Amino acid sequence: MPQLNLEFCISQIFWLTLTFGILYVVLSKLILPKISANLELRKSQVQENIEAAEKQRKNSETKLKEYDDIILKSKLDAKNIFKEAREKVLKDINSKKEALDKQIDEEIKKAEKEIEILKKSAPEKINKIAIETSSDLIKKLIGAEVNNSSISAIVDDLSKRNGDKYYDN
């Protein structure tokens, strides 16, 4: 075996050292700096991405908080608007109710006045009707005309005696 022959051992060591030396120089001066630069670039990009993600997270949290504040404010505004509208409607209803109550009271007073007037004039009208009816009945029953003044006196006398019962005088 030529590898184990001592005659070629020194040249083999020389070429081994030269090959590994060149390999070491090439790796340390050319390849390893590129690899370490690439690793540093990746590390910086990862760090930038982490920082950007943290910044976006903080930004989204502030936006979410602003959104919640806007929603809360909108709910409060809507509640206030609804409350104001409700109060306005209730005020309108109450004012219309008061106006209707006044109109109803006026109508009731007018009706009471008319009833009072009719109560006062009712005995006279009833007496007049009673006189006419009595005169017609007597005329039909007897066949002769009776003096209206005597019938009027009898009806007036009866209405005076029984009038308190019927007319609350």
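How many residues apart in helix α1 are E54 and R57?

Tutor: They sit 3 residues apart in helix α1, which puts about one helical turn between them. Before going on, keep in mind that this is a predicted model: local features need pLDDT of at least 70, side-chain atom pairs count only at pLDDT 80 or more, and totals for chains, interfaces and linings use all residues. Residues are numbered from 1 along each chain as its sequence is written, and side-chain values use heavy atoms, with hydrogens and water left out.

Helix α1 covers residues 9–142 (helices are DSSP runs of H or I with at least four residues, strands are runs of E with at least two, and both are numbered from the N terminus). Back to your pair: the side chains of E54 and R57 form a salt bridge, at 2.2 Å from N to O. The term means a side-chain nitrogen of Lys or Arg within 4 Å of a carboxyl oxygen of Asp or Glu. R57 also pairs with E61, at 2.6 Å from N to O. Those two are 4 residues apart in helix α1, again about one turn. Put together, E54, R57 and E61 make a network of salt bridges, and a search of the whole structure finds 2 such bridges.

How open are these three? E54 counts as partly exposed because its relative accessibility is 33%. R57, at 36%, is partly exposed too, and so is E61, at 42%. Here, buried means under 20% relative accessible area, exposed means over 50%, and partly exposed is in between (1.4 Å probe, protein chains only).

E40 and C9 are 31 residues apart in sequence and 43 Å apart in space, C-alpha to C-alpha. K63 is in helix α1 as well, and with a relative accessible area of 49% it is partly exposed. Between the C-alpha atoms of K63 and E84, 21 residues apart along the chain, there are 31 Å.

Further along, D105 in helix α1 is partly exposed, at 43%. D105 belongs to a surface patch of negative charge, together with E98, D101, E106, E107 and E114. For a charge patch, residues need over 30% relative accessible area and no salt bridge, and like charges are joined within 9 Å.

S135 is also in helix α1, but it is buried because its relative accessible area is 17%. Leaving out residues up to four places away in sequence, S135 touches N148 and I151, where contact means heavy atoms within 4.5 Å.

Note on methods: Patches are made of residues with over 30% relative accessible area and no salt bridge: like charges are joined within 9 Å, nonpolar side chains (Val, Leu, Ile, Met, Phe, Trp, Tyr) within 5 Å. Accessible areas come from the Shrake-Rupley method with a 1.4 Å probe; for residues, only the protein chains shown count as cover. Lys and Arg count as positive and Asp and Glu as negative; His and the chain ends are not counted. The place of a charge is taken as NZ of Lys, CZ of Arg, CG of Asp or CD of Glu.
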